[in-house]
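Student: I'd like to learn how to read a model like this one, feature by feature. Can we go through it together?

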Amino acid sequence: MESPGRGVPYSVRDLADATGVSRSQIGRLLTGELDNLDVKDAHVVAETLGVAVLVLFMPPASPNQGQPDTSIAPT
């Protein structure tokens, strides 16, 4: 995972170690399995990444973000 604020790459383990938030919570946030976090933890993660707290919980710009568009076949 790359930090959008500072451009510093973080693994789930690195971010967990830097913030004190468990690896399982961070992993579940990344997969969308978890959609909330304790306020204190959210602020620590956001500060570590160099972003606003709201950025952590923003939905993707599109439901298929990061996935190839297969809806239009080449002609």
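Predicted model: local features only at pLDDT ≥ 70, side-chain atom pairs only at ≥ 80, totals over all residues.

**Reading the model**

Tutor: Let's start with charges: the structure holds 1 salt bridge, meaning a side-chain nitrogen of Lys or Arg within 4 Å of a carboxyl oxygen of Asp or Glu.

Student: Which side chains meet in the salt bridge?

Tutor: Side chains of opposite charge can pair when their charged atoms come close. Here Glu 33 and Arg 28 do it, at 3.6 Å, N to O. Glu 33 counts as exposed because its relative accessibility is 58%, and Arg 28 as partly exposed because it sits at 31%. The cut-offs are under 20% relative accessible area for buried, over 50% for exposed, and partly exposed in between (1.4 Å probe, protein chains only).

Student: Which side chain of opposite charge is nearest to Asp 41?

Tutor: Lys and Arg count as positive, Asp and Glu as negative; His and the chain ends are not counted. For Asp 41, the nearest opposite charge is Lys 40, 4.5 Å away, and Asp 41 is buried with no salt bridge. Asp 41 belongs to helix 3 (residues 39-49). Leaving aside neighbours within four places in sequence, Asp 41 touches Val 21 and Gln 25; contact means heavy atoms within 4.5 Å.

Student: How do helix 1 and helix 3 cross?

Tutor: Two packed helices are described by the angle between their axes and the distance between the axes. The axes are lines fitted to C-alpha atoms over the stretch in contact, with angles from 0 to 180 degrees between N-to-C directions. Helix 1 and helix 3 have axes that come within 10 Å and cross at roughly 115°. The contact is made by Leu 15, Ala 18 and Thr 19 of helix 1 with Val 44, Val 45, Thr 48 and Leu 49 of helix 3.

Student: And the overall secondary structure?

Tutor: Helices (H or I, at least four residues) and strands (E, at least two) are DSSP runs, numbered from the N terminus. This chain has 4 helices and 0 strands.

Notes:
Residues numbered from 1 in each chain as written. Heavy atoms only, no water.
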